Structures are given as structure tokens and as C-alpha cells.
Amino acid sequence: MRQNPPRIFIYAALPCEAKPLVEHFKLKKDTTIQPFAVYLNQDICLTVTGLGKSAMAAGVAYTQALFASVEHPVLVNIGIAGHIDHALGSLFLIDKITDVDSLKSYYPPLVFTPPCPTANIRTVSRPQLVYDREHLCDMEASAFYETAVRFSTGELIHCLKVISDNESSPAENIQPKQVAALIAAHVAAIETLLAGLSRLAKLITVQEPQLFEQLTQRYHFTTSEQGQLKNRLSRWSVLTHQQALEFDGTRFHQSKDVLFWLDQQISEIEFCL
């Protein structure tokens, strides 16, 4: 992976959502990456995950694993959503996400002035053709957020949604070219959001996580692996409210064993934001 990896990660479910962003930010496809379409420039990585919660979760996890050395990455889900009567093309930053299957809710912290109005969103597993509720509706936001919080702090993780369908123009009318045009109309607001989150990421300072010095003295971690180690230890601390991590050094022979073990410990944490 590159010596100077990007620090901004955009996730779009559909190629038509991604296309105007790829063009605007002059991103180039990384042909060495096969499971997902990934586009890069010096600062931004955009992944096209595919439609639905499982695809989005897999795309986020895969891409962040590729760039595991990045500290405090900015992660943004950009895509379309439906609403009963919001005008097509309206832009919203999401301040509450509810998964209709698990009934879990997530609240992205807004510690900055949003570049557009905010709204609640409900994430569903199947396309909804009945517009009977006063919230936005999509198929990826909850999976994006639940996965993303394992890789960064909540203040740097957000969903930006453009209205693509409503009761007057239902989802079956959506066309890829229309979606691309709706996203393209908001590139200025998207740039504003990304710039603000990038500034916020630079302000975040985290104390050196517990065990970091002990582990780096005991095992040989490359510079990249040290970044991965710090991220994993910080993630454990945040998700467990700074619970002590019980470490048995006799079980491991090299740095990769430690990182794999930390991944296992983090994956077993039960949490809800």
C-alpha cells in the first residue's frame, strides 16, 4: 500500500452515485484491488460497495483494512435516499440513523456547522415503494455507520443523502443518469463537508494507548504496523470505555499475531451508539 495513504474515505453503494465524485475529485481506479471498485487521489479514497447493508459493511471493512495505518480517518457515506415529500435533489446531513431490522439507532455527533439541513434516516433491507413516514429512507446508512465506528471516531463519520424519490416520483422511476446529476449538483457542499472534517481530524489528539509501548518493545512492528497497533488499541479503549485489555505475551511470536488477536477482541465487543 502507498507510503502516503489518503485520509478521506467516501463510500457509495452505486456506480452512478460515485461517478460525479470520481470526475470532480479526479480519482483514478486502482486496478490492483479486485473485490470492490476503489478510486484514489492523494487525499481521497472512494469505494463503490454495491447495494444493501451487507455490501456496504463489507466495503467499509475491506477498504479500512487496506489503509489500517491511517489515524483518525474521515469516513463519509454519500448516496441517495427517499422521502414522502422532500423535493428531488434536496441534500441532507444525517443526524440520526435507525436500522429497521435491529431497531438500533446511531447518532453521528455534529460538532460543526452542517453545509445543509439535517434529517433522520431509517435503513431498510428492501426497496420501499410506500411513502408513509416523515423520515428519509435508504438501504446502507446503518451498516455504514456501525462498521465505520470500528475504524474512527464518531465525529469524523457522517452520511450525506440526496433525495432521489418521493411519493410524486417513486423509486421505480430512478435512472442512473438522474442519480449522477443529483449528486453532481452538490459537489460544493460535499467539498465543504470534507474540508471541515479534515480540519477536525487534525485537531484530534489521542493519548498513547495502553500497552502500546509495552508491545512495541516486545515485538518488532514496522512503521505501518505501529499505526495499525495504535488504531486497534485506541478502538478497544473507545468501544469498551477504557476497559483494561488482558494481554498474555506468551501466546504470540510476532507482531502479526498480536494484530490478529486484537482484531478478534474488537470483533467480539457488543456495543450500540
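In this predicted model, helix H2 (residues 53–66) and helix H3 (residues 141–148) pack with their axes 8 Å apart, at an angle of about 30 degrees. H2 is therefore roughly parallel to H3, since angles under 35 degrees count as roughly parallel. The crossing in which H2 passes H3 is right-handed. On the H2 side the meeting residues are Lys53, Met56, Ala57, Val60 and Ala61, and on the H3 side they are Ser142, Ala143, Phe144, Thr147 and Ala148. By class, the residues of this contact of H2 with H3 comprise seven nonpolar, two polar and one charged. The spacing of such positions can be read against helix geometry. An α-helix has 3.6 residues a turn, so residues three or four places apart point the same way.

A further helix pair is H1 and H4. The axes of helix H1 (residues 15–24) and helix H4 (residues 176–184) come within 8 Å and cross at roughly 40 degrees. That angle makes H1 oblique to H4. H1 passes H4 in a crossing that is right-handed. H1 contributes Cys16, Glu17, Pro20 and Leu21 to the contact, while H4 contributes Pro176, Val179, Ala180, Ile183 and Ala184. Eight of the residues in the contact of H1 with H4 are nonpolar, none is polar and one is charged.

H7 has 17 residues, and the distance from its first C-alpha to its last is 25 Å, close to the 24 Å expected at 1.5 Å a residue.

Leucine 40 lies in strand S3 (residues 37–40). Is leucine 40 buried or exposed? Leucine 40 has a relative accessible area of 9%, so it is buried, the cut-off for buried being under 20%. In sequence, leucine 40 and isoleucine 8 are 32 residues apart, and in space their C-alpha atoms are 9.9 Å apart.

Terms used:
Residues are numbered from 1 along each chain as its sequence is written. This is a predicted model: local features need pLDDT of at least 70, side-chain atom pairs count only at pLDDT 80 or more; totals for chains, interfaces and linings use all residues. Side-chain values use heavy atoms; hydrogens and water are left out. Axes are lines fitted to C-alpha atoms, for helices over the stretch in contact, and angles run from 0 to 180 degrees between N-to-C directions. Helices (H or I, at least four residues) and strands (E, at least two) are DSSP runs, numbered from the N terminus. Angles under 35 degrees count as roughly parallel, over 145 as roughly antiparallel, 65 to 115 as roughly perpendicular and the rest as oblique. A crossing is left-handed if the near helix is turned anticlockwise from the far one by less than a right angle, and right-handed if clockwise. Contact means heavy atoms within 4.5 Å. Ala, Val, Leu, Ile, Met, Phe, Trp, Tyr, Cys and Pro count as nonpolar, Asp, Glu, Lys and Arg as charged, and the others, Gly among them, as polar. The expected span of a helix is 1.5 Å times one less than its number of residues. Buried means under 20% relative accessible area, exposed over 50%, partly exposed in between (1.4 Å probe, protein chains only).
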